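Thanks, everyone. I have one model to go through today, and I will keep it short. Please look at the sequence and structure first.

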Amino acid sequence: MTPIVRRHGATLAGFAAVAVALFAVAPSVLSTFRLSLLGQFVCFAMVAVGIGLAWGRGGMLTLGQGVYFGLGAYVMAMHMKLDDAGPGGVPDFMQLYGNGEVPLWWEPFRSPVITLVAVAAIPAAVAFVLGWAIFRRGVRGAYFAILSQALAAAFAILLIGQQATTGGTNGLNGFRSFFGYDLFDPVNKRMLFFIASGALLLMLLAAWQLYRSRYGELLVAVRDQEQRVRFLGYDPALVKTVAYVIAAVMAGIGGALFVPIAGIVSPDDVGVVPSIGFLIGVAIGGRATLFGPALGALIVAWAETSLSESFPSMWTYFQGVLFVVVVAFLPRGFASVSALWRRRPTPATEPAPQRQEATV
Amino acid sequence: MDALFAQLFAGLSLGSVLLLAALGLALTFGQMGVINMAHGEFMMAGAYTAFVVQSVVGDAGLSLFVSLPAGFLVGGALGVLLEATLLRRMYHRPLDTLLVTWGVALILQQLARDIFGAPNVEVRAPGWLSGNVDLGLLQVSSARLFIIVLSVAAVVGLGVLLKTSPLGRRIRGTVQSRDLAETVGVSTRATDRMTFFIGSGLAGVAGVALTLLGSTGPTLGTNYIVDAFLVVVAGGIGQIKGCVIAAFGLGTLQAAFEYSTTASLAKVAVLVVVVVFLQARPQGIFSVKTRSLV
Amino acid sequence: MSMTADYLELSDVRVEFDGFRAVDGVSLTVLQGDLRFLIGPNGAGKTTLVDAITGLARAAGSIRFGRTELLGRKAHRIARLGVGRTFQTASVFEDLSVLQNLDIAAGAERGPVTMLRARGRTPERIDETLETVGLTAHRDLKAGTLSHGQKQWLEIGMLLVRDARVLLLDEPVAGMSGEERTRTGELLRRVGADRTVVVVEHDMDFMRSFADSVTVLHAGSVLSEGSVAEVQSDPRVQEVYLGTAPTDAANDSDEAVA
């Protein structure tokens, strides 16, 4: 066996399992409708991979990932709206609510290239400004959580308030095509699922490389002993900002792929409630593990859909109880359950819960 | 001129609501580092308490004065229950308390929905609070004026309690140094519980007050919790005066931004102001000096 | 680093917290190879002085390392100039292995490409440091599982591995057994020969055994300075240690850097 297989056998097997499940099993057993639904969950899982990096490894409790998800989603939705309207055309809802003109800041998104760049660049830029401003001044970890949440609240309110240019509470919907491909064609729907699955797999690989790298070790060090890292000559603000920006980009890409699959994005997808909602899957899967956050997000999204289809009010109770039980009693998520079973020492990168006070 | 006074009053009014919502939060966050996301739902519980009291008592004026202490007790009881069952296990994990209390908030919201129904309910304001008062320079809503007075009373009451009572001394001591307080014989457990009772009770009072401004629904608290936390962040920890200045400051700013732009842009502007402000004072307006590195 | 001898020179350093002068006009010079101990009662300002040198506490006056003024620089910049410190409570990265701890300490100058890759073979410098501090056998253990003394050695190793020229050690032998103290003292002697070392310590036996020179702080100022014998025979020192009660515990600045 080559050294990489010997040292990372379990991880590589994990990647293989994810790939087989997404590319072989799911398409053969699920209807096109169910597959699209799973595609939406896969987009949530991308957000979760980023949260695992920022929160699990970096100790930053990001309560505003919905913002980055939303930025990516709205950028993509704007492009698709403009694309549907044709060259120089005006999206339908603007004729309804606005003055029938395309606002200037929409224009760049007619270009597919600019759109694809912006899907990652805009979330990255916003995350950089907020992250750098907060981490540079050593603001408490709890303050960061609150400010990121305030950002989510403000973003959702902003979207709702600008109905003529953002679609308001309705959001943007009614798309017909995605870069020229007909969205009503089942073949294209399946293709979108494969694109999303491929993106998730790439993000997991990126996360794996980050966790193995020296940067990944440094990030854990910053999480646990920020001052110590400073006195070794590093700037912890930079270390944290990098992880936060990467997490934002992952959320942005997730949002951008969510739009063509779900056919809609609205303020309901980006505000305070969905932003915190992203965290529960990560907590369940094990915030500092590689596959846990994505897996947890998939399971929670699936549970939400099936539970709220049959008992709408049950889901809210269930989600509430999950938050309480998992965070209070199983801070490592599934990983702590399996560790109990196997009674093996925990890996060197699991968070020690008692050390989070370092940031408060 | 009139417009200026009207703006100023709008700011004061918004600030007093923020203050009522944030005062209890500042207390629990300052003393225990607990980020209680269910604080908003304690407000909601206070508001529904007013609804229940009114349906029993009938008379709007009498029910308001019964509701204020009743809301305090309901909020406080919920707070103590939360502290005793969950939070006391988690003092060393402040960020995790945020998620746990969020879970509690979800449960409380759904409970309210199942008990009182999803549509909002109305609490009648007493006659003497439903009109306007002429202050000479301008006509102001008497309900809003009442809430300003109530928030000032809450601040003064809390201040007197902290400054003069033995409990207050214990609370202040624990804020400054939990370890030291324990070594000189303060039962920090009992103090924590009382702090949580008072802080959550204030949320209940805030909820009762909010019924004077609008209808009551299961998500009443969610609308205020984020702003209330911003006040705590800007005000700094451990001192009431920071909270007061931040509440009225942000209230006035919000009102001013709303006047010059739109309500939705004003939210963003206030957030930007807070982040920029933290560049200058990362600890907020005031903070108790402790010798921890962070 | 330069071929000439390094030195650390403080002149008229003052640190104020809310009107209270924790450090009030301290001047002192520590030369390379001179194992300097900094002693004084609780609240004398020892840790605050270390905080000032390393950029953690805002100070006035002048703190120079060789020709470089340290005051006014950010903590991580001062660290990169070769000034390293340890903390009273051993602050190693408990969830990382000994090797990972040292690797992080060694790498503040690494570029982004190196940072984003996994570590290949162990750098030589790390192997040497493991040998120096006696932790070779423990290199793959989580630092959290080490004994208290071993953690302190790891912290010193984290300064050595990045070749810090100034070592500021805050109570390095607190909580150590007798044998561990001796080993620590010998380690400091060895690594201090070509470095500038300041040890903040309460343990008088340890000081007597290993100090080359001693500075006594009291109420934020230098009370006495000289060899161990000179300082011990100084009547002012005897009065501070034996005659009067320690200074105001409320201002105690030595306990809580955690």
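In what order do the four strands of the open sheet in chain C lie? Before I answer, note that this is a predicted model. The order is S2-S1-S4-S5, and the pairing is antiparallel. Strand S2 (20-31) and strand S5 (68-69) of chain C are the edge strands, each pairing on one side only. Within the sheet, strand S1 (residues 7-17) of chain C runs antiparallel to strand S4 (residues 60-65) of chain C, and five bridges join the two. To give one pair of residues, C:Arg14 has C:Ala60 in S4(C) as its bridge partner. Packed on this sheet is helix H1 (residues 46-53) of chain C, which touches S1, S2 and S4 of chain C. The direction of H1 in chain C makes about 70° with that of S2(C).

Next, the contact between chains A and B. Chain A puts in 46 residues and chain B 38 residues. On the chain A side, the elements giving two or more residues are helix H5 (112-136), helix H6 (141-161), helix H12 (272-285) and helix H14 (312-329). H6(A) supplies the largest share of that side, 15 residues. By residue type, the chain A side divides into 31 nonpolar, twelve polar and three charged.

Last, the largest nonpolar core. It holds 274 residues, and the members touching the most others are A:Ala45, B:Ala22, B:Val231 and B:Cys243. Helix H11 (residues 236-262) of chain A gives the most to this core, 18 residues. Leaving out residues up to four places away in sequence, A:Ala45 touches A:Leu200, A:Ala294, A:Ala297 and A:Leu298.

Notes
Residues numbered from 1 in each chain as written. Chains lettered and ligands numbered in written order. Predicted model: local features only at pLDDT ≥ 70, side-chain atom pairs only at ≥ 80, totals over all residues. Contact = placed C-beta atoms within 7 Å. Nonpolar A, V, L, I, M, F, W, Y, C, P; charged D, E, K, R; others polar. Pairing = 2+ DSSP bridges. Axes fitted to C-alpha atoms, helices over the stretch in contact; angles between N-to-C directions. Core = buried A, V, L, I, M, F, W, Y, C linked by C-beta atoms within 7 Å. Buried ≥ 20, exposed ≤ 12 C-beta atoms within 10 Å, placed from the backbone.
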